[in-house]
Amino acid sequence: MDPVPGPGVSMGGPLSGRRGPVASAPMSSSTSLPPGFPAGVDPERVPRHIAAVMDGNGRWAKQQGRKRTEGHAAGEEALFDAVEGCLDLGVEWFTVYAFSTENWRRPADEVRYLMHFNESLLLRRRDELNDRNVRILFAGRRDWRVPRRILKRMDESMALTEDNDGLTLTIAFNYGGRAEIVDAVQAIVESGVPAGKVDEAMISAHLYNPDTPDPDLMIRTSGEHRISNYLLWQLAYAELTFPDVLWPDFGVDHFDAALSDFAGRQRRFGAAPMEVVPQ
Ligand code: IPE
Ligand code: IPE
Ligand code: MG
């Protein structure tokens with residue numbers, strides 16, 4: 001197994017992001033962007049909740065002639081740049097797919113690495129997230145497969161940040177969309193509710209984090225055009241983007257491009273398109 005940096009050793013950059021001092025967007029007489037707001041992103045149309053499938057770490061490593069696990073380590077910087085992007089632009093919720101219920105199928109060494117890596121990441125970065133007013137949540141099954149030490153780190157990280165009211169960063173860990181729906185249905189059946197009373201609101205209320213709004217935008221890197229069991233219930237009306245970049249290379253420009261793409265989408269939620277009123 002590859003070594004994972006211990007507490008206090010940061011592999012990614014500090015939470016100042018790759019954005020650096022944001023070039024001031026050009027001001028026009030009719031519009032003025034908030035200071036530091038990147039040009040090309042519409043401040044009126046920033047998604048409230050972004051969900052990301054951080055995919056392509058293995059391929060990135062292969063491209064570099066390195067081990068898959070080094071790709072996961074390299075993904076940390078991209079994650080924290082994306083967190084920084086959310087903080088900069090006022091995104092309220094950011095949910096990232098860190099480990100799926102299907103990822104246990106990977107070689108034991110890689111699974112072990114990912115467990116240690118995620119634990120180490122929490123230890124190394126949670127104070128910084130706390131300082132930035134980020135609340136940390138988790139979504140996923142807390143089953144026997146997740147080492148108890150990691151569950152402890154998760155609980156500590158949530159407790160440390162529970163009063164923060166900036167960005168909510170939800171880490172989907174041992175997460176599967178189908179498992180989440182099964183868990184919700186089991187809880188409902190156990191509560192003895194008659195079948196006729198089960199409705200969408202009740203299922204939503206039994207998901208892992210019932211207070212989290214549905215994602216507005218889902219970003220999956222790596223060029224794969226699939227959901228891979230992510231937030232199956234919650235993504236019902238999300239806008240989907242599939243930037244053709246491997247996760248460790250996903251930088252602030254890709255983040256801004258995804259938001260700019262989102263701003264151009266017309267969301268309908270099943271209704272007829274909005275009438276365009278002629279000027
Ligand atoms: C995503 O990258 C990270 C996890 C699933 C933990 P991958 O490891 O799936 O990378 P690829 O898809 O093999 O390139
Ligand atoms: C989804 O990516 C899971 C995470 C990013 C954690 P995968 O790499 O596991 O998905 P598939 O196997 O390509 O569908
Ligand atoms: Mg993958």
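The legends below describe close-up views of a predicted model.

**Figure 1. The largest cavity of the predicted model.** A search of the whole structure finds one cavity of 30 Å³ or more. The volume of the largest cavity is about 40 Å³. Its lining consists of Leu79, Phe80, Val96, Leu121, Leu122, Leu129, Leu169 and Ile171. Two or more of the lining residues come from each of helix H2 (68-89), helix H3 (108-131) and strand S4 (168-175). H3 gives the most, with three residues. By class, the lining of this cavity has eight nonpolar residues, no polar residues and no charged residues.

**Figure 2. The largest pocket and its lining.** The largest pocket has a volume of about 790 Å³. It is lined by 37 residues, of which Met54, Asp55, Ala98, Asn103 and Arg106 are the closest to its centre. At least two lining residues are supplied by each of helix H1 (57-63), H2, strand S2 (93-100), H3, helix H4 (148-161) and S4. The lining of the largest pocket divides into 17 nonpolar, ten polar and ten charged residues.

**Figure 3. The second largest pocket.** The second largest pocket holds about 200 Å³ of space. Among the 18 residues that line this pocket, Glu180, Asn209, Thr212, Leu231 and Gln234 are the closest to its centre. Its lining comprises nine nonpolar, seven polar and two charged residues.

**Figure 4. Helix H5 and its buried residues.** Helix H5 runs through residues 177-190 and has 14 residues. From its first C-alpha to its last, H5 reaches 20 Å, close to the 20 Å expected at 1.5 Å a residue. The buried residues of this helix are Gly177, Ala179, Glu180, Ala184 and Ile188. An α-helix has 3.6 residues a turn, so residues three or four places apart point the same way. The cover over the buried residues of H5 includes S4 and helix H6 (200-205). Glu180, one of the buried residues of H5, is also among the residues closest to the centre of the second largest pocket. Just after the helix, Gly192 takes a positive phi of about 80 degrees.

Figure 5. Thr241 lies in strand S6, which comprises residues 239-241. Thr241 counts as buried because its relative accessibility is 4%, and buried means under 20%. Apart from neighbours within four places in sequence, the residues in contact with Thr241 are Leu217, Met218, Ile219, Arg220, Ala258, Asp261 and Arg265.

Conventions: Residues numbered from 1 in each chain as written. Chains lettered and ligands numbered in written order. Predicted model: local features only at pLDDT ≥ 70, side-chain atom pairs only at ≥ 80, totals over all residues. Heavy atoms only, no water. 1 Å grid on protein atoms, 1.4 Å probe; cavity = no way out; pocket = protein on both sides within 12 Å on 5 of 7 lines; lining within 4 Å. Points joined across faces, edges and corners; volume = space filled by probe spheres on them. Helix = DSSP H or I, 4+ residues; strand = E, 2+ residues; numbered from the N terminus. Nonpolar A, V, L, I, M, F, W, Y, C, P; charged D, E, K, R; others polar. Expected span 1.5 Å × (residues − 1). Buried < 20%, exposed > 50% of the residue type's maximum accessible area, 1.4 Å probe, protein only. Contact = heavy atoms within 4.5 Å.
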